[in-house]
Amino acid sequence: MSSAHNKSESVSEALGALDRGDEPERAVLRDAVRALLTELSQRAPGRSVEVRIPPFGAIQCVPGPRHTRGTPPNVVETDPMTWLLLATGRLDWAEATRDGRLRASGIRTDLTEYLPLTGE
């Protein structure tokens with residue numbers, strides 16, 4: 001998989017499906033989520049925040065203290081479609097949080113400085 005997600009065929013395909021009013025196929029959405037998580041981990045290297053996009057993936061990112069045991073103090077969690085929209089700039093972080101589509105707990109979990117991940 002390319003590290004530059006905007007070159008990822010799965011991200012383009014998933015966004016294309018949305019633009020047509022369709023839901024992306026599960027495998028396409030899975031690959032898009034993983035490509036976007038990979039891009040985030042490269043833009044924000046570190047281990048102080050855990051980003052969870054069940055059932056497709058989870059990463060640790062953002063510089064700061066590393067968490068090693070139990071539930072991490074800084075967790076971001078959302079569904080795959082919301083992550084696709086957030087990571088590509090089609091949904092605002094504050095709106096997703098307000099709507100309850102995004103759960104972020106901990107002082108380091110505001111990822112707005114890293115988003116969107118696209119060059120669009």
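1. E50 has a relative accessibility of 16% in this predicted model. Because buried means under 20% relative accessible area, E50 counts as buried. The residue belongs to strand β1, which covers residues 49–53.

2. The side chain of E50 makes a polar contact of 2.6 Å with the side chain of R52. Leaving aside residues up to four places away in sequence, E50 touches I59, Q60, P72, N74, V75 and V76.

3. Strands β1 and β3 (residues 75–78) run parallel and are joined by 3 bridges.

4. The sheet is open and has 4 strands, ordered β2-β1-β3-β4, with mixed pairing. At its edges are β2 (57–61) and β4 (102–105), each of which pairs on one side only. On average, neighbouring strands are turned by 10° against each other, direction ignored.

5. Two helices that pack on the sheet deserve a mention. Helix α2 touches β1 and β2, and its direction makes about 5° with that of β2. Helix α3 (residues 80–87) touches β1, β3 and β4, and its direction makes about 110° with that of β3.

6. A44 sits in the loop that links α2 (26–43) to β1. With a relative accessible area of 1%, A44 is buried. Not counting residues up to four places away in sequence, its contacts are C61, V62 and Y114. A44 and V62 are 18 residues apart along the chain, and their C-alpha atoms are separated by 4.7 Å.

Technical notes. Residues are numbered from 1 along each chain as its sequence is written. This is a predicted model: local features need pLDDT of at least 70, side-chain atom pairs count only at pLDDT 80 or more; totals for chains, interfaces and linings use all residues. Side-chain values use heavy atoms; hydrogens and water are left out. Buried means under 20% relative accessible area, exposed over 50%, partly exposed in between (1.4 Å probe, protein chains only). A polar contact is a pair of N or O atoms within 3.5 Å; within protein, one must be able to donate a hydrogen and the other to accept it, and residues adjacent in sequence count only if both atoms are side-chain atoms. Contact means heavy atoms within 4.5 Å. Two strands pair if DSSP finds at least two bridges between them. Axes are lines fitted to C-alpha atoms, for helices over the stretch in contact, and angles run from 0 to 180 degrees between N-to-C directions.
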